[in-house]
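Here's a short tour of a protein model for you to follow along with. Keep the structure in view as you read.

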Amino acid sequence: MVRCFLIHTVCPISALSAGESRLLYSRTFSPDEAVLTEQHRELSPEERRLLRKEKLAVVARQVHSAVSLTREAAGRVLVEAVPGEEALVLQEADGGVTRLRAGDPFCEEASAVWLAVHSLAFTLVCEPHENLLLAEGSLRSLSRHCLEDLHLLGQGSEVLLKSSRVDVLLSRLLPHGQLLFLNHRFAQSLEKEVAGYMSK
Amino acid sequence: MYSHGSESLIRQAREIQDSELQKFYSRLVKLLQFKEVSHELVDSLHRLYLILFANKYSRTLPSELQQNLVPLLSSPSEQLQVLSSAVLRETLPPCGEEKNIAQLNSHAAALLLSQAGSKDDLSDLCAQIIRSLEIRPSDGPTPSLMHTLPFVNSILTHCPECLTADHVILLSKKLVDWLRYASIMQVGGASSGGFFSGSRSRQPAPIAELDGTVSGDFFTVLCVGQGFTEDQWMNVYSFSMLRHWLLTYRGVSNDSMVVDAANRLQLSLSFSHSLSNDDRSEVDGSVVSMVSATSSSSRLLSPKERLREKAFQYCLRLIEQCDRKALKKTDTDLQKACLVEAVCILDVLCAEDPSLVYRVFPCIKALFGRLSSDLSFARVLLPAAQFYLNHGEMAAVDCESVWKLVFSQFPAELFNDPFLAHDFLRFLRLNLEGLQRAAPHFTRYFPNFLKFLAWDSPATLEDFVDLLPSLVTAGSAVELLHTLLDLPCLSATLVLQLRSTSLPISDSGSRGLLSLDAFRNPTFRGLFLFLLRTEAGSGDTIERLSTLHSLLAESAEWPRVVHCAQTVPVLLHIYFNTVITVADEKLLAHLILAMLERSNLLLNMPTYCKEIHRVFSSQLVRLCKLHPSLVVDQSQELLEFAGTTANVYSKEEVYTHVVWVLGEYLSLSSDSRCSVRLITSCFESLEAVLFEVTSSAPPPGSVCPAPKVITTLMSALAKLASRSHDLIPRVSLFLSKLRNVTKGGSVPWCSDEEDMVAIVTRGEELWSLLKTPGVAQSVLTPPPYVNAPRWHRDANLALPLQLRALTALTHSP
């Protein structure tokens with residue numbers, strides 16, 4: 001099961017300190033950790049929400065750091081891409097997986113599978129024993145759709161103003177956080193449904 | 001991609017004024033009351049979501065607005081469902097309000113899941129969803145089943161006790177139906193025929209395999225068709241959650257033994273009826289293939305056991321299907337993912353029912369044989385290796401070839417694949433105990449494992465912090481130390497190796513030209529081959545290390561090498577923490593010598609040498625503290641090091657600690673072999689160095705030694721003198737000379753006023769101490785029991801205990 005899906009920045013932002021990441025979209029699939037564990041029982045719902053947000057920020061920061069270090073080590077120089085080059089941009093995207101130890105930030109261990117496309121990264125936080133091959137494939141597919149449907153290679157503001165598109169995408173390709181074994185026909189069928197929604 | 005526009009949107013959302021916000025809310029309420037899906041409504045809902053999402057601190061919506069949003073969850077327009085679910089998820093759930101949502105679509109269910117306040121809420125929700133699975137077509141229009149299994153899986157992940165035993169039985173039966181007995185006909189897709197195709201319906205065609213051939217067995221995720229029926233979709237959803245289901249309910253046979261027996265009885269009773277509608281598994285219309293034919297009779301098994309049997313058949317069929325060449329690349333990737341999943345499921349099944357091992361092993365073995373020569377399937381072979389590890393003993397299979405492939409080949413050729421690195425290190429971490437039992441020689445492959453670290457240290461460091469202790473063995477400890485110290489060189493070599501294979505030999509425009517030439521040069525081949533070795537045991541290190549370091553000099557600035565160098569001190573600390581538990585004195589002596597030797601022989605990187613020296617210093621002191629006799633044992637080498645004045649300038653930190661160690665532990669109380677002659681010769685070496693250092697300026701290119709070096713030397717001399725009183729006059733003479741020299745103003749060997757004061761003060765303290773040799777001896781060479789006082793811990797003498805005892809005695813009746 002996927003714990004959450006994030007879209008966040010991996011470029012320096014003037015309003016934030018170095019290494020901080022701006023979370024543009026987040027969707028958590030699990031119920032609140034506080035409901036299930038004995039921890040944090042004394043917190044109010046507001047505080048729990050804040051805690052959830054902080055945990056996601058921690059994940060985004062860790063992925064940001066991983067992306068920066070990977071790019072630095074590879075000596076990669078990023079060239080600005082224009083709309084229309086989605087397929088190319090995805091092919092050259094950096095991908096990786098970061099181990100999130102138990103307690104940092106989630107109660108149990110998790111793996112953050114990420115795909116960094118220029119200044120944005122798409123991250124799936126999975127359970128540690130998850131089928132990472134499947135997670136990787138699903139993430140690529142999700143990223144491609146996000147890039148295309150939200151026109152992320154352009155201004156990129158649509159991810160903030162049209163977040164329902166990502167919700168619908170997730171409800172088909174990652175329902176309740178379930179990774180699906182979709183061959184190209186099944187995927188096509190779901191994509192048609194999604195496209196129908198997007199065109200409204 | 002991320003622009004000022006986005007940044008300002010977020011700022012606006014956060015800084016919206018309260019009055020404006022209230023106006024926005026009322027406008028929105030009005031729009032909602034119109035009950036039509038206008039563009040303005042959708043836009044406003046999106047903006048509301050952004051306002052809520054962009055804030056860390058939650059906002060409460062006015063209750064009127066909230067009340068108007070809830071009905072949208074059941075709206076016929078999916079857009080409104082999605083938006084209302086998203087908005088409500090970002091707000092706090094209203095207390096005490098019952099959410100009665102008639103039809104649980106995917107978005108409403110998601111909201112209820114995220115806002116569940118307790119496990120009871122989750123149980124109720126779960127029960128509601130599972131009930132929808134039982135609705136028969138005759139009862140009215142059935143809601144879409146599509147999101148039910150993922151939902152159940154989500155609950156299963158976080159709160160498995162929310163499913164009752166009945167639910168489990170029901171779902172097991174349903175899963176069996178969907179996995180094994182889904183329709184094998186295609187739903188005709190939209191006819192793309194032309195004008196003349198007419199309204200004749202097409203004959204339903206059978207489903208096909210990924211390579212285009214017609215399918216000859218039951219439906220799986222690797223079957224394609226123009227369109228799909230609902231049960232074929234459920235087949236996909238069922239398989240997607242199957243492993244997790246089996247993992248959750250394995251070994252739960254204890255309390256369900258009774259249930260199982262009852263089920264058997266029920267099953268046998270039900271067979272006396274004719275075909276019932278809801279148990280389609282009685283109608284086996286699929287074409288029988290080899291897989292199904294070899295399955296055991298599933299007539300009298302409990303639902304759980306039947307599910308296991310069907311899961312087994314499904315996995316075998318998948319493995320068979322993955323042998324076909326898919327026409328599309330995404331399908332090839334899916335095949336790999338399916339292989340991993342199938343092998344993992346078979347592993348779980350065999351763990352629960354060991355009798356399956358004999359049926360499964362031939363299949364896994366064949367798979368391994370087929371894929372072992374193709375490194376692109378490495379990530380599939382790791383679960384297979386896990387299977388061998390878990391069940392190889394039981395099947396009495398020789399696993400040597402598996403370990404050879406996994407430990408010897410994978411790291412050497414695939415070190416730069418981040419996903420394989422993650423999977424591989426995870427495999428090692430989780431199976432340390434098992435490997436130590438089944439393949440204890442795996443520790444020999446540490447040079448290979450460290451390639452993952454050398455290539456991508458930030459991503460793999462955490463794993464190595466966990467793994468390194470297991471790789472430290474007495475037999476290979478020295479080699480491991482050298483390997484750790486040369487990790488930056490390994491990093492550089494791996495970079496060169498990849499560059500060498502990807503760039504043509506005559507390419508002269510590339511960076512790193514010198515080191516690349518050296519890499520390709522046959523004269524230096526041996527050096528690089530040693531670094532790239534896969535197994536330990538062929539020597540601790542190489543003789544021409546300094547040559548290697550100079551060849552790789554330019555790599556000191558490569559980011560990958562720099563990242564790697566930053567991890568070495570941490571690893572060294574972990575190494576030493578472990579090595580002291582497995583090493584005897586002889587080995588520790590060897591390590592001390594290695595440290596002294598290597599303090600000179602490190603890749604020349606600015607902070608790297610300093611950091612390593614720091615580690616060496618602290619570890620040297622620690623080892624000597626644990627085994628003081630080591631100092632006397634290795635006195636010759638230590639004296640050689642301490643007697644070389646150049647070391648004061650080039651390895652200041654290590655030098656200081658060597659001198660300290662000599663001063664502290666070169667005594668009779670540490671080791672009975674310590675003779676007066678030894679003390680005297682040590683004294684003379686140190687004295688000579690001290691004279692030299694305090695009589696002239698530092699050599700060109702070096703800085704003045706830190707005061708700590710001088711004071712440590714002086715203290716060491718004083719300590720040695722206190723053990724052999726003939727030496728005291730010499731020390732005293734030196735110290736008084738020192739005082740006189742410094743009175744005359746600045747000296748060439750000390751630039752700072754305060755440092756000078758510190759040195760002189762220490763000198764005076766020692767001088768006055770040495771005036772009374774007896775006192776000096778007790779202060780500077782205290783007997784061991786002084787440093788480890790025991791009497792304070794003796795409970796019998798503790799005052800409070802005495803008092804309590806007396807009180808108890810005197811106050812007892």
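Let's start inside. In chain B, helix H8 (148-158) and helix H10 (230-248) each supply at least two residues of the lining of the largest cavity. H10(B) gives the largest share of that lining, four residues. Keep in mind that this is a predicted model.

Now for the place where the chains meet. Chain B puts 88 residues into the contact, and chain A puts in 78 residues. Between them, the two chains bury about 7500 Å², with 60% of that on carbon and sulfur atoms. Across this interface there are 30 residue pairs in polar contact, both residues being at pLDDT 80 or more. On the side of chain B that touches chain A, the residues divide into 43 nonpolar, 24 polar and 21 charged.

What about charges? Side chains of opposite charge can pair when their charged atoms come close. Over all chains, the structure holds 42 salt bridges, and the count between chain B and chain A is 11 salt bridges. Here are two salt bridges to look up:

| Salt bridge | Closest N and O atoms |
|---|---|
| B:Glu7 with A:Arg22 | 2.4 Å apart |
| A:Arg76 with A:Asp94 | 2.7 Å apart |

Which parts of chain A does the pair A:Arg76 and A:Asp94 tie together? A:Arg76 sits in the loop between helix H2 (45-74) and helix H3 (86-91), while A:Asp94 belongs to strand S3 (residues 94-100), so the pair links parts that are 18 residues apart in sequence.

Finally, check the backbone of chain A for two details. The peptide bond from A:Asp104 to A:Pro105 is cis, with omega near 0°. You'll find A:Pro105 in the loop between S3 and strand S4 (110-117). The other detail is A:His118, whose phi is near 55°, a positive value in a residue other than glycine. Look for A:His118 in the loop between S4 and strand S5 (120-126) of chain A.

Key:
Residues are numbered from 1 along each chain as its sequence is written. Chains are lettered from A and ligands numbered from 1 in the order in which they are written. This is a predicted model: local features need pLDDT of at least 70, side-chain atom pairs count only at pLDDT 80 or more; totals for chains, interfaces and linings use all residues. Side-chain values use heavy atoms; hydrogens and water are left out. Contact means heavy atoms within 4.5 Å. Buried area is the accessible area (1.4 Å probe) that two parts lose on being put together, summed over both. A salt bridge is a side-chain nitrogen of Lys or Arg within 4 Å of a carboxyl oxygen of Asp or Glu. A polar contact is a pair of N or O atoms within 3.5 Å; within protein, one must be able to donate a hydrogen and the other to accept it, and residues adjacent in sequence count only if both atoms are side-chain atoms. Ala, Val, Leu, Ile, Met, Phe, Trp, Tyr, Cys and Pro count as nonpolar, Asp, Glu, Lys and Arg as charged, and the others, Gly among them, as polar.
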